[in-house]
Amino acid sequence: MKLLQIDSSVLGDQSVTRELTAAIVARWRTRVSGLEVQSRDLARDPLPHLSAATLPGSDALEAARGEATLREFLEADVVVIGAPMYNFGIPSTLKAWIDRIAVRGRTFRYTANGPEGLAGGKRVIVATASGGLHDGQPSDFVEPYLRHALGFLGVEDIELVRADGIGLSPEHRAASIANALGALPAPERKAA
């Protein structure tokens with residue numbers, strides 16, 4: 001089994017989403033024998049935003065980098081994404097990653113009946129954190145955007161681990177992180 005870990009927070013050791021993704025991956029490592037983990041740090045090694053050179057693939061180096069990014073995603077059985085909320089949305093580096101995995105003919109296609117996702121069968125776990133209280137509020141553009149973008153690619157198995165209100169107070173931050181850590185999804189599924 002292959003797990004792809006994507007981190008996008010710029011906060012390094014102070015990042016709540018990095019703490020959550022690390023805990024998720026650690027849980028999977030202890031429970032899944034032979035798990036292969038590949039990590040991509042979008043803050044340390046950002047993908048360039050789409051441009052006139054990157055979108056059509058006219059820059060050979062960027063085209064190769066985009067293909068490698070796409071292959072990482074396609075080969076993963078499980079994707080763990082750290083998606084902090086910055087100004088109500090995801091970091092632009094995470095958007096640049098999504099731009100590299102949303103490839104017509106590879107992860108989606110258009111049909112007479114509308115778009116069809118081609119990258120299904122994956123499990124995606126999103127660790128998100130925000131300074132304010134946004135869960136279920138109109139101000140949350142992280143969860144709806146990621147559910148829509150990944151769903152467009154055919155991914156239906158999406159779980160969220162959320163730490164909201166981390167900027168309200170040190171106590172609220174600690175409680176929110178503790179609640180999120182207590183709600184980490186396990187590799188094993190509960191029987192229905």
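1. Helix 3 lies across strand 1, strand 2 and strand 3 (78-82) and runs at about 155 degrees to strand 3. Helices (H or I, at least four residues) and strands (E, at least two) are DSSP runs numbered from the N terminus. Axes are lines fitted to C-alpha atoms, for helices over the stretch in contact, with angles from 0 to 180 degrees between N-to-C directions; contact means heavy atoms within 4.5 Å.

2. On the source: this is a predicted model, in which local features need pLDDT of at least 70 and side-chain atom pairs count only at pLDDT 80 or more, while totals for chains, interfaces and linings use all residues. Residues are numbered from 1 along each chain as its sequence is written, and side-chain values use heavy atoms, with hydrogens and water left out.

3. The sheet is open, with five strands in the order 2-1-3-6-7 and parallel pairing; two strands pair if DSSP finds at least two bridges between them. Strand 2 (36-41) and strand 7 (157-163) are at the edges, each with a single partner strand, so one side of each has no neighbour in the sheet. Direction ignored, neighbouring strands of this sheet are turned by 15 degrees against each other on average.

4. Strand 1 (residues 2-7) and strand 2 run parallel and are joined by six bridges. Ile6 stands opposite Arg40 in strand 2.

5. The axes of helix 2 (residues 60-75) and helix 3 (residues 92-101) come within 8 Å and cross at roughly 85 degrees. Helix 2 is therefore roughly perpendicular to helix 3 (65 to 115 degrees). Gly66, Thr69, Leu70 and Phe73 of helix 2 make the contact with Trp97, Arg100 and Ile101 of helix 3.

Technical notes:
Parallel < 35°, antiparallel > 145°, perpendicular 65-115°, else oblique.
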